[in-house]
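Colleague: Please put the model up. I have a few things to ask about it.

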2 protein chains.
Amino acid sequence: MKQFQLPTFLRGIEKSPIRQITDRAKPGDISFGLGEPDLPTPDVIRREAMRVIQEEQNGYTLQAGLPALRERVAANYPHMNLSADEVVITAGSQEALYLALMTLIEAGDEVLIPNPGFVAYPTITQMAGGRAAFYRLPAKDDFSFDLEDFKARITSKTKVVICISPSNPTGRALASNDLRDIAQAVAERAPGAFIISDEIYRELYYTPERPGSISEFYPRTIVISGLSKSMSMTGWRLGWVCGDKDVIKSALVLHGYVTTCASTISQKAALAAWTTEAEDAVEQHRRIFGERRDHLVALIRGECGLRCVAPDGAFYTMVDVSRYGSSVEVAEAMLDAGVVTVPGSAFGSESEGFLRISFCADLAELGEGVKRMSVALKSLKK
Amino acid sequence: MKQFQLPTFLRGIEKSPIRQITDRAKPGDISFGLGEPDLPTPDVIRREAMRVIQEEQNGYTLQAGLPALRERVAANYPHMNLSADEVVITAGSQEALYLALMTLIEAGDEVLIPNPGFVAYPTITQMAGGRAAFYRLPAKDDFSFDLEDFKARITSKTKVVICISPSNPTGRALASNDLRDIAQAVAERAPGAFIISDEIYRELYYTPERPGSISEFYPRTIVISGLSKSMSMTGWRLGWVCGDKDVIKSALVLHGYVTTCASTISQKAALAAWTTEAEDAVEQHRRIFGERRDHLVALIRGECGLRCVAPDGAFYTMVDVSRYGSSVEVAEAMLDAGVVTVPGSAFGSESEGFLRISFCADLAELGEGVKRMSVALKSLKK
């Protein structure tokens, strides 16, 4: 009997290194691992979900999603002038990313990806037969955007550029001048390229203004986003992909064969995200995450004596542990000490020597987690 | 500016021909189109969903799904001796099919598909770079299994064989001796092949016994199924894929990058499907669908004077309209007359000349729909 052989496109592909470590959490561990808000889904969304479960039969929606929901999503990006047909509602922004990359990438195409960046970018690029190339967000500058490095990485084969702001894993946002520079560099050097803008963290910011979107500066932008992080709805699997009509039309065809449609209950409940009550909840979450951010950064710098990034958004900080060993060694020591972190190496070579710390935990847990981090560091030679 | 070009794997791929016609339904039309139960999701499942929305924060599950749910699914197939790790919970059986085919098919592999059969089988096969081959379920024998034709289609390149019982679109179930014959033929002629068994309709049957599963006869079977049809949960997107450890392990890796995990609310609520209350609801639905089946078949044969299949399961019958024109012409005339049907050509060459009629409608609607069918037929030459 022949052994099962992996198809070519899955060779070398492994479960996300984030999950590889977070799945090993023990009961009682403090979780600084997964990017998953612990704050409650706004009550108005939960009430609407309960209502539609009780009162309605929840069958398939159109594959693209509920028209009313697509209209609301389209209106989120007024400068893009989207119609509802230029939006597909997906099973979370993960599916949105999968559809966008699979639709845009042909074998041999280059995808320019931030280093460090979300682990799924190079993985799905590889599945699609593309070649991942990387632009460096230098660790020494707290992972700021580096225009010169970015320009040098764009080639005639660059088919897609991925931007994420605020960033997973760094928490840094791209400033307006960065966005302008990116748009100009891509337009000059690879005018046919699309930019995929991952905006899943865009509602969670600690800057005075909401961070901008590259779609304001570059017309061939495909936006992927969703409600997982802004509305604490990770388990609801509600995301979207929107932009160029032809790209979205093809992504929709693929979507129909991948998942048919997103959960109808999640879609109907998602309509309640465009209400004052939900917006107030997001505003409150932003404040809470902001307090946690300040508290955590102070603790890490003070108690652990470590350098870390002051995030502009999202709920991550990157902590420099390079003098204690490799990021994997340090993350393993942290896990032994009862605190789950993600080694920076999971996100690219540039963040080796760092840990990604997610602050989806209350102030008491943050305190306890940092204490355990200190214990772990003492077990490692300096 | 370069035009967006479809990647190779999506060329020639279109939206499901079922959706192409059902999306055109007008208000007031009778729907015999989509395969979507109109009966309510069992109350015990809805109550549990409402409870978890109210009382719990619904974050990500493990990518494979809730362990308790995977254990229940595994126990559904005692002869397969599955552990919970040999099950992945998916966003509906559509994702399960996508994962199974993408994981099993390498460029150039042959997939043996029933003709007629569900439209996604050849489409996803093509996306995976495989070659679709077809075994004929002869229309003249009411789409019964034909062992001689089946044997003749198996080649050394046959990597996957797809079985669906009860069948979409025919409503026919494979008898135990058919299953035994299929297993033996595949074992003899393509011993390395996997069988994908699509069992999404297996709880909906009108035969004295629940139809068997090819997995009882052929060990290298990957089962795909879910709660969409049995529990009237199409919009909840809850399915699964299970079987061979190595295949499932790879399917899980892909699943993580495609959707992360299935809806947590749907997963938690799905646990209530393994209760007496839910089983009683399924029993009741089976009775209701059985009455509709008898009523519809009598009406079509009597009022329209058309030949049609007496289904063994699912909620479809195939109606022979060949003397009125092509199946597309007749379906278009039906649509004009206010009744949505699906042309048999959507499912393969063997069902050209037939319409698939779904009986997800109450007795009054069935009566009205058949009346409109009669009107449409009168508008067509015999």
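This is a predicted model: local features need pLDDT of at least 70, side-chain atom pairs count only at pLDDT 80 or more; totals for chains, interfaces and linings use all residues.

Colleague: Where does Pro166(B) lie?

Modeller: Pro166(B) is in the loop between strand E5 (158-164) and helix H7 (176-189) of chain B. Residues are numbered from 1 along each chain as its sequence is written, while chains are lettered from A and ligands numbered from 1 in the order in which they are written.

Colleague: And the peptide bond from Ser165(B) to Pro166(B), cis or trans?

Modeller: Cis, with omega near -15°. In chain A, the bond from Asn168(A) to Pro169(A) is cis as well, with omega near 20°. Pro169(A) sits in the loop between strand E5 (158-164) and helix H7 (176-189) of chain A.

Colleague: What is phi at Asp142(A)?

Modeller: Near 55°, which is a positive value in a residue other than glycine. Asp142(A) belongs to the loop between E4 and helix H6 (147-153) of chain A.

Colleague: How many residues does each chain put into the contact?

Modeller: Chain A gives 62 and chain B gives 61. On the chain A side, helix H2 (43-55), helix H4 (92-104), helix H5 (120-127), helix H8 (245-258) and helix H9 (264-270) each supply at least two residues. H8(A) has the largest share, eight residues.

Colleague: What is that side of chain A made of, polar or nonpolar?

Modeller: It divides into 27 nonpolar, 23 polar and 12 charged residues. Ala, Val, Leu, Ile, Met, Phe, Trp, Tyr, Cys and Pro count as nonpolar, Asp, Glu, Lys and Arg as charged, and the others, Gly among them, as polar.

Colleague: Back inside one chain. How do H4(A) and H5(A) pack?

Modeller: At an angle of about 40°, with their axes 9 Å apart. Axes are lines fitted to C-alpha atoms, for helices over the stretch in contact, and angles run from 0 to 180 degrees between N-to-C directions. H4(A) and H5(A) are therefore oblique to each other; under 35 degrees counts as roughly parallel, over 145 as roughly antiparallel, 65 to 115 as roughly perpendicular, and the rest as oblique.

Colleague: Which residues meet there?

Modeller: Gln94(A), Leu97(A), Tyr98(A) and Leu101(A) in H4(A) meet Ala120(A), Ile124(A) and Thr125(A) in H5(A). Five of the contact residues are nonpolar, two are polar and none is charged.

Colleague: And in chain B, at what angle do H4(B) and H8(B) cross?

Modeller: Roughly 120°, and their axes come within 9 Å. H4(B) and H8(B) are therefore oblique too. Among the residues that meet are Leu99(B) in H4(B) and Leu254(B) in H8(B). That contact divides into eight nonpolar, three polar and one charged.

Colleague: What order do the sheet strands of chain A take?

Modeller: E2-E8-E7-E6-E5-E3-E4, an open sheet of seven strands with mixed pairing. Strand E2 (87-90) and strand E4 (131-136) of chain A stand at the edges with a single partner each, so one side of each has no neighbour in the sheet. The twist averages 20° from one strand to the next. Two strands pair if DSSP finds at least two bridges between them.

Colleague: In what sense do E2(A) and E8(A) pair, parallel or antiparallel?

Modeller: Antiparallel, over four bridges. Val87(A) is opposite Cys242(A) in E8(A).

Colleague: What does H8(A) lie across?

Modeller: E2, strand E7 (221-226) and E8 of chain A, running at about 30° to E2(A).

Key:
Two residues are in contact if their C-beta atoms, placed from the backbone, lie within 7 Å.
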